Amino acid sequence: MISSPHPLDHLVLPTVNIALARERLGKLGFTVAPDARHPFGTENACVFFADKTYLEPLGVASQEQCETSIADGNVFVARDQAYRFRVSEDGFSAVVFGTDDAAVDDKRFRAATISAGRMLDFSRPMRMPDGTQTTAGFRLAFAADLRAPDFLAFCCQRINPLPADRGALERHENGVTGIARVAMSATKPAAFRSFFEHVVGNPRIFEHSFGLTIKAANADIELLTPQGIEAFYDLRVGDHDPGLRARAILFKTRDLSVTSSHFAANGVTYTRKNNRILARLAPEQGALFAFEEIA
């Protein structure tokens with residue numbers, strides 16, 4: 001185990017169409033970065049937050065290039081294509097943690113027999129709102145549990161750091177400042193405790209009547225029973241699948257009235273539960289978005 005838990009880095013949200021995802025996220029009050037294409041056939045349009053986490057809506061730019069990448073052993077693309085085939089073109093497929101050394105994480109995953117395949121190194125250009133361009137480089141180490149074929153975790157090392165000043169991209173009309181929690185469903189949450197102990201790296205873990213709360217360095221990962229998902233997020237999920245599925249994201253906002261006012265002005269359907277605003281699922285969204293006032 002590593003000495004301290006990894007931080008949450010970003011969340012992967014497959015989408016059938018990047019343009020539609022951009023429209024939906026914009027309506028919710030998020031500032032969306034310019035489109036960017038990966039060198040292996042996928043593309044994204046990210047949403048960056050002040051706490052240095054982000055969302056990665058993920059689209060398919062070239063099906064042919066994706067298939068070639070899979071044949072070459074690209075785990076990221078292979079798992080994305082599998083998710084789209086098994087679950088949906090729109091969804092929530094992966095939770096990503098930050099690391100200073102992905103190679104060390106890869107060795108830990110292999111020792112724990114949870115490696116999902118070989119590491120991936122790549123770089124891509126990134127365009128900023130002012131028109132300037134930089135190159136972002138990444139090294140990824142993948143982990144998976146065979147009992148949960150529709151969920152992927154990986155650790156992401158920034159080889160060429162993203163620009164430190166992303167202020168324009170980190171300001172959002174809905175008042176969101178970051179990600180507080182990620183909620184996943186499993187009929188037996190405790191079955192995946194060991195998996196997350198290895199992936200996050202020595203986290204504190206709390207058991208409760210609805211499952212487990214795993215403390216990453218900067219956010220909580222909740223493994224909840226279907227009853228827990230309904231109790232906390234008013235979201236009904238079936239109990240026929242014993243595997244693990246990513247379901248909801250809880251965002252931090254300084255002032256919930258700003259969030260609700262933006263939603264009302266933009267015709268966003270939402271409900272309130274447990275001092276939270278819940279934005280209903282939409283095809284171009286892929287996950288339930290919850291908002292809570294957290295300083």
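Helices (H or I, at least four residues) and strands (E, at least two) are DSSP runs, counted off from the N terminus. The model itself is predicted.

Q: Where does Thr113 sit, and why does it count as exposed?
A: Thr113 is in the loop that runs between helix H4 (102-111) and strand E7 (120-127). Exposed takes over 50% relative accessible area, and Thr113 has 69% relative accessibility, so it counts as exposed.

Q: What makes the phi of Thr113 worth a look?
A: Its phi is near 55°, a positive value in a residue that isn't glycine. Most residues other than glycine have a negative phi.

Q: Which loop holds Asn274, and why is Asn274 called partly exposed?
A: Asn274 lies in the loop between strand E15 (270-273) and strand E16 (276-279). The partly exposed band lies between buried, under 20%, and exposed, over 50%; Asn274 comes in at 43% relative accessibility, so partly exposed it is. Asn274 isn't a glycine either, and its phi is positive at about 50°.

Q: Which residues bring H2 and H3 into contact?
A: On the H2 side, Gln63, Cys66, Ser69 and Ile70 meet Val77, Ala78 and Gln81 of H3. By class, that contact has four nonpolar, three polar and no charged residues.

Q: How do you know that Arg22 and Asp35 form a salt bridge?
A: The cut-off is a side-chain nitrogen within 4 Å of a carboxyl oxygen, and the closest N and O atoms of Arg22 and Asp35 are 2.5 Å apart, so the pair qualifies. This pair links distant parts of the chain, with Arg22 in helix H1 (residues 18-27) and Asp35 in the loop between H1 and strand E2 (36-37), 13 residues apart.

Q: What separates Arg193 from Glu197 along the helix?
A: They are four residues apart in helix H6 (residues 193-201), so about one helical turn separates them.

Q: Why is Arg276 called buried?
A: Buried means under 20%; Arg276 has a relative accessible area of 8%, so it is buried. Arg276 also forms a salt bridge with Glu292, the closest N and O atoms being 2.9 Å apart.

Technical notes
Residues are numbered from 1 along each chain as its sequence is written. This is a predicted model: local features need pLDDT of at least 70, side-chain atom pairs count only at pLDDT 80 or more; totals for chains, interfaces and linings use all residues. Side-chain values use heavy atoms; hydrogens and water are left out. Contact means heavy atoms within 4.5 Å. Ala, Val, Leu, Ile, Met, Phe, Trp, Tyr, Cys and Pro count as nonpolar, Asp, Glu, Lys and Arg as charged, and the others, Gly among them, as polar. Buried means under 20% relative accessible area, exposed over 50%, partly exposed in between (1.4 Å probe, protein chains only).
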